[in-house]
Amino acid sequence: MRENSAGQRYFGLKKAFKFLQSMQFAITLLGILAVYCMVASFVTQGKSLAWYAETYSERTAGLILALGLDDAFHSPFFVAVSAFLCLNLMLCNLVRVPSLVKRFRTAEDTRIKFGMWGAWLCHLGVLLLILGFGLGQATKKEYTVYGVAGTTRDVGNTGCALTIDSFDVSLREDDTVEQYTAELTMRNLATGQSASGTASVNNPASLLGFKCYQNSTGWAADVHVQKNGEPLQDEVIYAGEAISVKDKPALEIWLSAFYPDYVLDPVKGPVSASSSLNNPAYLYMVYFEDQMIGMNALMADEKLTIDEYTVTFDNPRNYSLIQVKEDHFQMLALMGGLVLMLGLVLAFYVKPHPEAE
């Protein structure tokens, strides 16, 4: 009885091992991942349970969080399925190595020797791609730095600071944007090591192990506050942000929007006729103790008076928003892509003889 039981366990484990390395298991896993990612693409990422309940329903919101669809690529389900797929690919490759080595040694034709490794390298390349992407998604860090030319900001808690040396917006003849280009300098505050580079749309800069992406832009201006005719405060203000008056923090000046070529449309309201600084206007709001006390469009040569304070805006210019990413497994994914390409070349262009399969 004990021998029969041991034999059953052996054959059971052997059957399970064979299934784990089978093509059927791999296709099942790929199908599950494809469906999961497709469903996740329709779900806004990173929101709260209350937001999902309000947008969908309480039951749907609970299902979204249970399946990890609110953070699809970091969810336990996605990680688990990806891990099983990696296990499948690894077992499949390991099992085939002895027979491939034997045939490699006995084959006389060079094309057969190397061509037979095509499918094996394809599996290895896919494995490295999944590992590189999965580990990268699980460990990568992202930071946002924005500012006008000359701005230096800390990059999160990395111990580095990023300086936006210059920023340029190139326009076509029809006034549409052709390219955004930022000259950047990354500096390690502890060691003093620095690196400079250019980041433009679809062309990130690699600086001190970070990838710096030109993400977006907006408008900024200089705001000047005087009190009783005397200079009190000079700052850079960004559209959508506010400053607090130095000696009266409860008084806030908001730059709601900036219009480089201001036009008051009877239907749409304030709009910009072009991207050129032909008729600049600043849409401001004034808050005191969290209560709005004023809102209007201020032209370039106009002043805003609030009791003893006078506020003016000038020097409008574009700012750059840089997405800084740190991914230690990017090279692993790149290596996987190269191995996969080599495997495809060997499989389709260096074809082994049918008898070698």
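A residue is called buried under 20% relative accessible area, exposed over 50%, and partly exposed in between, with a 1.4 Å probe and protein chains only. The structure is a predicted model, in which local features need pLDDT of at least 70 and side-chain atom pairs count only at pLDDT 80 or more, while totals for chains, interfaces and linings use all residues. Residues are numbered from 1 along each chain as its sequence is written, and side-chain values use heavy atoms, with hydrogens and water left out. Helices (H or I, at least four residues) and strands (E, at least two) are DSSP runs, numbered from the N terminus.

**Helix H5**

- Helix H5 covers residues 76–106, which makes 31 residues.
- Among the buried residues of H5 are Phe78, Val81, Leu85, Leu89, Cys92 and Leu100.

**Loop residues with positive phi**

- Most residues other than glycine have a negative phi.
- Leu208 has a positive phi, near 50°, and lies in the loop between strand E6 (205–207) and strand E7 (210–227).
- Leu208 counts as partly exposed because its relative accessibility is 26%.
- Asp290, in the loop between strand E13 (281–288) and strand E14 (291–299), has a positive phi near 65°.
- With 67% relative accessibility, Asp290 counts as exposed.

**A strand hairpin**

- Strands E11 (residues 262–265) and E12 (residues 269–272) run antiparallel and are joined by four bridges; strands pair if DSSP finds at least two bridges between them.
- Three residues separate E11 and E12 in this hairpin, and Leu264 has Pro270 in E12 as its bridge partner.

**Nonpolar cores**

- A nonpolar core is a set of buried Ala, Val, Leu, Ile, Met, Phe, Trp, Tyr and Cys residues joined through side-chain atoms within 4.5 Å.
- The largest such core has 20 residues, of which Ile253, Val286, Leu304, Ile306, Val311 and Phe313 touch the most other members.
- At least two residues of this core come from each of E7, E9 (241–245), E10 (248–259), E13, E15 (304–306) and E16 (309–326).
- Beyond residues up to four places away in sequence, Phe313 has contacts (heavy atoms within 4.5 Å) that include Ile253, Tyr282, Tyr284 and Leu298.
- A second, separate core of 18 residues includes Leu29, Tyr52, Leu85 and Leu127.

Definitions and conventions: The expected span of a helix is 1.5 Å times one less than its number of residues.
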